[in-house]
Amino acid sequence: MFVVYPAEAAPSTKEIIERWADRHALTSYACGEFVVRCSARWNAERSRVAIHFYEGLAYDWPADRGGQVCSRLRHPARAVGHFTSIQVGPEGLEVTRSLCRSTDVFHTIFENTPIVCSELSVLVAVRGGFDRQRLDVGHCRDFVGYRQGFGGRTAFEHIGEVMLGERITLDRNGAVFAQFVNRPFVSDADIVDTLTSTLAVFTEPFDKPVLMFSGGLDSSALLWALRSNGTNVLALHVESHASLKESEYREAVAVALDIGCEVTRSVPDHDDHGEAFQLDPRVRSSSPHDVPLLGSGKSSTLLPEEAGLIVTGHGGDHVFVQNPENNVAFSSLRGGDLVGFLQVVRKLSRLKGRDSYGIIRDNLGLLLSRRVASRSVPEWLPVGKSNGGTEHYLLRGLDPRSAKYAHLWTILLALHASRPRRGGNVLLNPFLLQNIIGHVLDRPVEDMFSESHDRIMLREPIYARAGKAFAWRRTKRASSTLMFEALSQSGTRLIKAFSDSSLVAALGIERSALIADVRYNCTVGLSPTFKHIINLYKIDAHLRSIELQSKETLSS
């Protein structure tokens, strides 16, 4: 936690901030015309003219194995990992946020006073409380419709968020200057060497990191890379669905044994989703991406509270493109390369078993209109007009109809959905690190799959190095079955939440059509509108959580 505000802020503003900071025992620093309050997780360094604050797990790259995590990064543009950096000096305030999500950073100007804080609810409280805020309806509608641009907007007008990878500079009058600093980059090594060396550096300070091991491509590649560099790792397999427990476990054990590692098993005691889709007032988050959907569920093997480092394969399917969409052929068609267009159509048709004429028809539709691929919205959600705002730096200049736009958009979605910590443990998602994303940043999506396999940018080099069959495995996930079961058990609760939601009315949603759609997804099966229902629940639960937190801040 942290907050930065001018020492000469209005007394009422200072009172709200200081009460909140005192309640959380935040240390106070006087930095020229600013005051900084931050938790013990932040490192502070004083120079002759400024104070630098830093938190996270990141290295100036390239980094030597056995080196120490920098207390303050010297070259943020080449940093790998998650971090937040704050520099306060006589000229103003500079905040740098890594591309990999670390501490969230929000900012606002209230009564000519610039305030920067890690907690969105605190800024809502400072600005008069939840009831006095104006919703950014366009942003909320874009979130529900899967059209968010990740461009620094929040659910509230007049409160912004520092983008992933961005540095903002605020002077004492609140003027903001922004630039994209921490971005993906390509190292000199191939992707397997990059992955192996990166894991070696990040795991070095920890005695026995835990790898969340499913036995699929991503976690198997990580297990091989960890074992190949000599890391002592605990491979933890957590079953995802009751009917697949034994088959999942047997397959995971076989893959791990082939790599030379044993598996520790974690079995849920039950598959009851009685806590699913239920707002938990104990959950404190400033992002709708962090809203929990399912109950935690107890397991017979608990994750060690002090494991130190937890490594996951989160984001691998986004980075290496697990399911290419029909618009993967659009760039060739738009560029007039008809032969190349038909070759991509044939390759995609053979990979996914799709009708070639359907693929051609979809791409011609894209060419003849500005309709965005795979961005259709449910009938109950008014299309409306976005309130504008910027897109993330990685999306700027790209055609929203193109497969590359969709590729980078899904990577940004994975980055925003990741969290840097779980309890007392640090989370590491290697496939979402800057030097891994850099390998795919400029690669055409049509080159990232073959007629027989997707994700060949990972499969081919890992097989060439490891020679293991896991590189070519196809695994079927139980996530859709798990979600349908959760919805089936929680339909009444979800319908009541939407029936009582003020956000539904604010977005102009036809409530009866929404409820009918929810009932279908809870009783018949998951439809294409399922993801929109989930995002509506997330943004609604997010707003309810911020309302509770901001009221608590004002009443404390």
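A contact means that heavy atoms lie within 4.5 Å. Of the contacts in the protein chain with a separation of 6 or more, 70% are between residues 24 or more positions apart. This is a predicted model, in which local features need pLDDT of at least 70 and side-chain atom pairs count only at pLDDT 80 or more, while totals for chains, interfaces and linings use all residues. Residues are numbered from 1 along each chain as its sequence is written, and side-chain values use heavy atoms, with hydrogens and water left out.

**Overall form**

- The protein chain has 17 helices and 18 strands; helices (H or I, at least four residues) and strands (E, at least two) are DSSP runs, numbered from the N terminus.
- The C-alpha trace of the protein chain spans about 65 × 60 × 55 Å along its principal axes.
- The radius of gyration of the protein chain is 24 Å, which agrees with the value near 24 Å for a compact globule of 556 residues. The radius is taken over C-alpha atoms, and the globule rule is 2.2 Å times the number of residues to the power 0.38.

**Surface and charge**

- Of the 556 residues in the protein chain, 56% are buried. Buried means under 20% relative accessible area, exposed over 50%, and partly exposed in between (1.4 Å probe, protein chains only).
- The protein chain has 64 positive and 62 negative charges, and their mean positions are 2 Å apart. Lys and Arg count as positive and Asp and Glu as negative, while His and the chain ends are not counted. The place of a charge is taken as NZ of Lys, CZ of Arg, CG of Asp or CD of Glu.

**Cysteines**

- The structure holds zero disulfides, a disulfide being a pair of cysteine sulfur atoms within 2.5 Å.
- For Cys117, the closest cysteine sulfur is in Cys38, 12 Å away, which is too far for a bond. Cys117 is buried, with a relative accessible area of 0%.
- Cys100 also counts as buried, at 8% relative accessibility.

- Helix H3 is largely enclosed by the rest of the structure, because seven of its eight residues are buried.
- Those buried residues are Gly138, His139, Cys140, Arg141, Asp142, Phe143 and Val144, and they pack against helix H15 (502-506) and helix H17 (530-555).
- Tyr146, which follows H3, has a positive phi near 60°.
- Phe150 lies in the loop between helix H3 (137-144) and strand E10 (159-161). Phe150 has a positive phi of about 55° although it is not a glycine, and at 8% relative accessibility it counts as buried.

**Other loop residues**

- Pro62, in the loop between strand E5 (51-60) and strand E6 (79-89), is joined to Trp61 by a cis peptide bond with omega of about 5°.
- Asn112 sits in the loop between strand E8 (106-110) and strand E9 (113-117). Its phi is positive, near 65°, and Asn112 is exposed at 68% relative accessibility.
- Asp454 is in the loop between helix H12 (434-437) and helix H13 (456-466), and counts as buried at 10% relative accessibility. Leaving out residues up to four places away in sequence, Asp454 touches several residues, including Val321, Asn323, Leu351 and Arg459.
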